[in-house]
Every structure is written in structure tokens, then in C-alpha cells.
Amino acid sequence: MSNKIIAFCCEHSAYLAADLAGKQGLHYPENVRLIRVPCAGRVDVTHILKAFEKGAAAVLVVGCEEGACQHSTGNTRAKERVNYSQTLLQEIGMDNRRVEMVNVAPGAPHKFVRIIKEMNEKIKEVGEAK
Amino acid sequence: MIVAERKPMEEIKQMVAPYKKLLLVGCGTCVTVCWAGGEKEVGILASQLRLARQAEGKEISIIEATVERQCEKEMVSELRDKVKQVEAVLSLACGAGVQTMAGMFEETPVFPALNTTFVGMPEQEGIWTEMCGLCGDCFLDRTGGICPMVRCAKGLLNGPCGGTRRGGKCEVDPEKDCAWVLIYRRLEKQGRLDLMKKYYPPKNFRAVKRPGKIQAVKA
Amino acid sequence: METRIGIFICDCGGSIKNIDFSTIKDKIAKIPHVVMVNLASNLCLDEGKEELLSRIKSDNINRVVIAACSPEFKEHIFQQLLEKAGLNGHLLSMANIREQCAWVHEGDVTGKALELIRMAANEALLLEPLEKREFAVKEEVLVVGGGVLGINSALQLSRVGLQTILLEREVDLGGENREFEALWGTDMSSMVKAVEADENIEIITSAEIMEIEGEVGDFSVRIMKGAEEISRSFGAIVFATGHRVEDIAPGLQLKDNANVISQHGFAQMLQASTTEPGPKTVGFVLGFSDGNSRFSTLATLNNALACRQKWDSEVYIFCKNVEVDSEGVENLYRTTRERGVVFVKYGDFPKFSIEKGVVKVEAKDIFAGEEISLTCDLLVTDEILLPAEGTEALSSLLSMKMDARGFHQDENVYFYPVASNRKGIFFVGDCRGNLDPNRALADVSSAVMSAYELLSSGKVVAEVERVKVDPQKCRTCLTCIRVCPHGAIQLVRMSNGDTDGENEVAKISDPACDGCGICAAICPAKAIKFEGYSDKQILAQVEMIGAS
């Protein structure tokens, strides 16, 4: 059983927000593993599915706020891919709440902390990974 | 280019349900270009199948491979060793690819993971539209290079129906252009509107002999 | 060559307290390929750096893992150190055990730190060196549009020492805003003279761009001047192609009436008139353009004031809102009121009719709550500001998108105020929908500085093949070319390895690539590798979850 969350974090926003959370001494649950990506648009369906195969209980793709992507379409594409992976999970009978796209600004550590906590709440509902 | 899309997961799951060792074979040509059966799609489907089995508590081992063109015997034969290791093959290719695989490895069941839908072209990334109905009797010369057989909802060959909407849209689907309006405008640009007045008898679909076979003149 | 990983762990001067470093050291020493583990207290200070340098050399390390603060913080410093030790700077993988581990969790986090280090070490196994290369750039800039902003751009570019070509579609320089000289605080004729006299500036008028190819530092542009074809290369391009004005708002039924005039027409009339008495009563209408009406507000206030001063006319401004957020406009608005201009704030749009050569305006002032009926000798209407003609064609020429209103540069304005999504291409002022003179002039300075920064050294430095299309795997589906937000991918003919044949495949330009990885994610043939963020490197990290 695993309750691990893999969070693919855009290095222009979410990764910085996470760093800031550390600097400000905020706290969030320990079960999240951040993977730095150059843009949320780098994250693909294959990465998300592989994360589940490797035992993740949930996957977050965290990119810039809408309209603020450094690469103009990266976060919107990521959103589409996350939606698609939700469909793919549903097809095989998995709860599609396990994967989610969230937008976080680089200066929003509280929002980052909140989404990690919210995802943990969801894991309680949908169950840990087998 | 041949355009295909993945079959519903439920159907695929049922096809491969009895097997524990699978080979997933993608094709590097048309279906890669239409995002249905390239290396990436093979990976996605493999992941899905593994996760599905994991959830059911059953085991599965999947080999992933992609060949350049699955409709070529020589290219498919590279897979011989891999096919030997599995109980069934799931082919992510058009119907021609699936049949080539099935013909090459007769002892192993080969299942289609895709539905081959049409011959089309990309409109923008991720969107393909049907362009050719493979009728075997091309008449694009008379219609300004626009095929009403597939692009008109009713497949009309002699001008539009009475239902063309304002702005040249189709009666059946207001999102789509009326093929005959497009044809008229194209011919107008070329000064060949007289072609619109010509009558063409119903199309001879007997031109398509099943199974089709073409033999090029040998040099 | 054998992979030898050296792991350096830093407790950041003792600020990491909830990790048991000795346990970690014992455990990670057993990871395959790890040849040394070093515990330090201040890896980023001189002693720590020296230790790192000497250990890399003495232990013959060829992949470095540093577990310390966030890579966003000091990654570049450690990369430089690697280079100093004779290793490629890219062969470094960092585990963020401070900001994203020790500092955000309470209690002992040794387990998580260990996992983060394992993730980094597993990624490090797959890292490959990345070389940097200098790409020569043309120290020459093309400025498109000979209006006030184009001329300003050219003059400023010349001042910073860049050769400039100023391209204008019309026969003369000056552009659309000649009538509004006062708003721009400039004297157009002397500016035109200055630009003509400038040695660094070449002016080409009556010419249009036919084709733009290439990338930052080397755009090859084909220009047609009548039948003459001019082909030149530029390091950067500044577009100041302006906007178009729709005279009188449609639906008003007032077009072609002698008593109704547009802002531009009125400004011309003001300039032309010398002594004859002007119209007695003048009405202005504001509020046709939804969204950005800064420019029309400014033009209306200026015209209204000038009209009071010159002819002493009675002036009414019918408006819904007065947008005063541009610099100085609040004051201008106040002055206009003080000089006796009457503002009528309407709720529903006023009704207009023409009777015996005078225009009748009926409106309800929502503050006074009164119906106001006014006859005026001249009605000056707001104009609709639209994208210049050819905006769409130019956008497709550049493979760029337009914004919702059809202006250039549908981009992240926070990151790219003037720069576009393509490196080396800049949009200034009204062609990107920024119609307020002060802001537009700020655009010019900002674009000039960016161009200077880009070109003045004669080269740009970029990593070679950081994102690379494998020509053997590329199926030429054009997907990457269509989705690249930076226009950095082109179709090229490439020799196909050992065969003589030439294949058409996608190729990513190193200087133009901004490293987002959208192409690598979307490629259906998995033919694009993004070194540092490749599929394998990402999955190497994913694999390590739960392994401790």
C-alpha cells in the first residue's frame, strides 16, 4: 500500500512556490514527491500512467496560472492531457480523482500547501494505491 | 493518410482477457501520424492494461514494439522472436497492418486495438478530416479538387441539396461546410463554373473490385 | 566509461536538523555506481567548494549528486564548479532536501530525504553532457512600420549602435498618428528629418514583407518594393505596424454626414483651421470600443480642450466611462472640466438624429437623472481601433497567434511585455493592442533594450541539442512544428545516416528553442529527447518512490 503523491512541478511556478513554502516554514504532508519539469507542458500522459504503475496513489500536475504560462500553451496543454488521463483511468475502472491539474503562481506557497492537503483528503476517499 | 482511432477499452480488455503474455505492436507510418498507434500510444495502452490487471490482482507481461510499416511482411518479420515469447498480439495498426501480422504469425492470435476509420488529412494538430472515400473512380477533376462523395453529408454528385444554410454550411451539420458551396467557389476562382451545369450519371461503385488488387507495370 | 557517482550532502550550516545524515550516508553508499558519499556543512562556501572540487578529481567522479538546498537557488553555482573540475556542468543532479523536505515537515524526515537522494542518483545515471555553443548573430535590426513608434524605435536602435532598416508600406514615413502629434509629445517632421539624416538607418518605403525565415540572430527576410526584390538578414525584428481606425461606429446611421466627424478628422480640422470661426456647439461621444478605450479617451479629451481654446465652442462629452488610468490623463480630465467642458454620463446609448443640418443628441444623464436633448453643429464620434490590415497575414507568416481581438502577440504579457513567443521578434505599441502613447513609447525603449542585449555582443550562447529530434525516429508528422510555442522547429532535409537518400525531418533550432518540452511530450513517435528532462530521466525519478 502506498499513499505517495507524485507532483510534476513547473520550474517557473509550482516548484518555486514549493520552495517558498519551505522558506516560510509552512507544513504539508510528507507523502508528496516533487519532480521538477521545465513546463507543465512537458508532462505527458505516459508519465502520469507510469507514475501509477510505479505505485503512486495520486498524481498532480502543477503549472502556472492560466494566462501566465512562460511557454504560452504549456499549462493549457497539460490540462488537456490530465483530462485525457482521467478518461484513461476511468476506462480501466480507476478513480479519476487520482490525477489532477492545478495552477499555482510562483509566489503562492499557501495555495501549494492547500492543494497537497486537498489531494491527501482525496486519497482518503479513493483509497491508497495497491 | 489512413486515419484510425483506438477501440473502446472494454472491447480491448475482453479480447485479451485470457492472455497473460502480450505483444503490443505499433506502426510507425499513418497511425503514428494520426496519434493512434505510434510508439507513444503503444506505451499508453500498455500502461493502461498493466494498471487494469493490477487492479484486478491478475498478472500480465507486455512487450512493446513499433515497426516502421506494419503492412510490410519484411518489416513485420523482425518481430518473430518477440511473438514467440507471447500468447497473443495486440496490433495498433490499420486493418492492413493487423492482417499482415496475422498472416505472418498464424499460430498466434493477432487482435486489432484500433478502428481504421478513413483516409484523411490533418486540419490542425490532433484533428483529422475525411478526404477520400476510396471509391476507385476518382472524379476530382470535375469538382475543383473537392470530393462531394465524402465531404457532402449526402454524398451528392450533382450539385447541392436544397438545404444549404446561410454562410455555406451543411444542412445536416451546421458546423461543417457544404461541399458544393466549396466546389462552386473553387470553380468560380478557376473560371470553370460551366462544370456545375454538367450532369454526371450515378457513380459506378462496381469499379471497386473486392478484394482490390493493383499491379504496377513492371520495369 | 564506467559511471562513477559522487554524492555530496550538505546540512546547510546546520539548518537541517531533522535528518539523520549518518543513516543516509550508510544507506546510499550501497546504491550501485555510487563511489563516494561526502557529508559537508557548507557546500556553497569556499571550503565546501574546494572539498567538492578535490573529491571530484581524486575519486574520478563523472556524475555528481548534491543533496542540499533547492536547485533553483544554487544549481548554477554548482554547475560552474563542475566545469571547474573538468566535468560537464550538466552532469549534476540535485536533491532538494531542504526547502522541499526538512523545512516543510515536522519531525524526522530521514526516510523522505533518502528517497529524494535515490531519485536524484537514479536520474544522474542517465545524464549526458551538454555542450554550449556560440551562434553568431547579425547586428542589424529590421523595424517594420514607419509611424511614430517605428521611427522612435529606429532612432533609439541607431543610438545604441545597431544598424537599422526602417520599412514602411506607404510612400512616406509618418503613419496614422500624424494628426495626434501633441499626444505623443513629438514633432513628426523633425523626427522624419532625424531618421533620414541618421547614418545607421536605411529607409525603405512603399515596400512590404513577403517572407520571413530563420531564427533569432539570423532572420532572412524577403521584401518587395514594387517589382524590386530585396533579400536581407537581420538579427532581430521590431514590429510597429500600428492599428487601423474604423471611422464612425457602425449602426449609428450617421456616416457620410457633414456634421459628423471622427476624432482623426476633427484633429485634422483643428490643425488646418487658422482664423475662421469654428463650430459653436460640439458634441463628443465616447464608449464605442469595449475594452481598451485609453487612446480614444485621450484623443477626445485633447480635442475637446483644443476646441475650447481655439474656438471657444460649447463642448459636451457624452460618455459611459472616462478611462483615466494612463499617465497624466487624470489631470487632463480635470483641466478639461475646469475649462468648461460638460460631461454627460449616459446609461443607455444616446439617440442621434439629424434635423436641418444640425445633429440632435438625446441622452439621459444618469447622475442628474435628467433627459438631455442637445443640438450641436458638429458631432465628433469615437473611433473603433482595430488591428492593422495584414495583421492576420503577418501572423501566419511568422507562425504566431493573434489575441482575442485580433491584435498581434497573444502571449504571456507578464513574461513577454514586448517580446513575442519567438526570440528576436518584438511587437511594440498599438500593433499589440497597447494604444496609450506613454506605454507605447515605453514599449519601444523596452524592445530596443532587448534587441541591444540580444545582438550587441554579436553572438548568442545556447546549449547544443538540448532538445533534439532523432532523425531516424521522426515520422515527419509535423506535430511538433505545429505546437512549438516558440516557432523553433522547422522541417529540414537531412542525410539519413549511411544511406544516400535525403529525408525530410523536423529539426529544432538551438538558439530559438526556449526549452519547454511541449514537443517532446506530444511527439507520437517519441522521437524527441529533452536532455535533463527526458522520458527516461523523469521515469528514473518516478521509479524510486517507495524505495528506501
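C71(B) is partly exposed at 40% relative accessibility (buried means under 20% relative accessible area, exposed over 50%, and partly exposed in between, with a 1.4 Å probe and protein chains only). This is a predicted model, in which local features need pLDDT of at least 70 and side-chain atom pairs count only at pLDDT 80 or more, while totals for chains, interfaces and linings use all residues. Residues are numbered from 1 along each chain as its sequence is written, chains are lettered from A and ligands numbered from 1 in the order in which they are written, and side-chain values use heavy atoms, with hydrogens and water left out.

**Cysteines**

- Let's stay with the cysteines for a moment: over all chains, the structure holds 0 disulfides (a disulfide being a pair of cysteine sulfur atoms within 2.5 Å).
- For C71(B), the nearest cysteine sulfur belongs to C94(B) and lies 5.9 Å away.
- C170(B) is likewise in no disulfide, and its nearest cysteine sulfur, that of C152(B), is 6.7 Å away.
- With a relative accessible area of 12%, C170(B) is buried.

**Where chain C meets chain A**

- Each side of this contact contributes 46 residues, 46 from chain C and 46 from chain A (contact means heavy atoms within 4.5 Å).
- About 4,000 Å² is buried between chain C and chain A, and carbon and sulfur atoms give 56% of that area (buried area is the accessible area, with a 1.4 Å probe, that two parts lose on being put together, summed over both).
- Between chain C and chain A there are 6 salt bridges (a salt bridge is a side-chain nitrogen of Lys or Arg within 4 Å of a carboxyl oxygen of Asp or Glu).
- Across the interface of chain C and chain A, 19 residue pairs are in polar contact, both residues being at pLDDT 80 or more (a polar contact is a pair of N or O atoms within 3.5 Å; within protein, one must be able to donate a hydrogen and the other to accept it, and residues adjacent in sequence count only if both atoms are side-chain atoms).
- On the side of chain C that touches chain A, at least two residues come from each of α3 (71-84), α4 (98-102), α5 (110-124), α15 (518-522) and α16 (535-543) (helices, H or I with at least four residues, and strands, E with at least two, are DSSP runs numbered from the N terminus).
- Helix α16(C) gives the most to that side, with 6 residues.
- By class, that side of chain C has 22 nonpolar, 11 polar and 13 charged residues (Ala, Val, Leu, Ile, Met, Phe, Trp, Tyr, Cys and Pro count as nonpolar, Asp, Glu, Lys and Arg as charged, and the others, Gly among them, as polar).

**R36(A) and its partners**

- R36(A) forms a salt bridge with E11(A), with the closest N and O atoms 3.7 Å apart.
- This pair links distant parts of the chain, 25 residues apart: R36(A) is in strand β2 (residues 32-37), and E11(A) is in the loop between β1 (5-10) and α1 (14-23) of chain A.
- Both R36(A) and E11(A) are buried, R36(A) at 16% relative accessibility.
- R36(A) also forms a salt bridge with E75(C), the closest N and O atoms being 3.0 Å apart.

**Other salt bridges**

- Over all chains, the count comes to 43 salt bridges.
- One of them pairs R97(A) with D95(A), whose closest N and O atoms are 2.9 Å apart.
- R97(A) is partly exposed at 36%, and D95(A) is partly exposed at 24% relative accessibility.
- Salt bridges that share partners join R42(A), D44(A), K40(B), K526(C) and D535(C) into one network.
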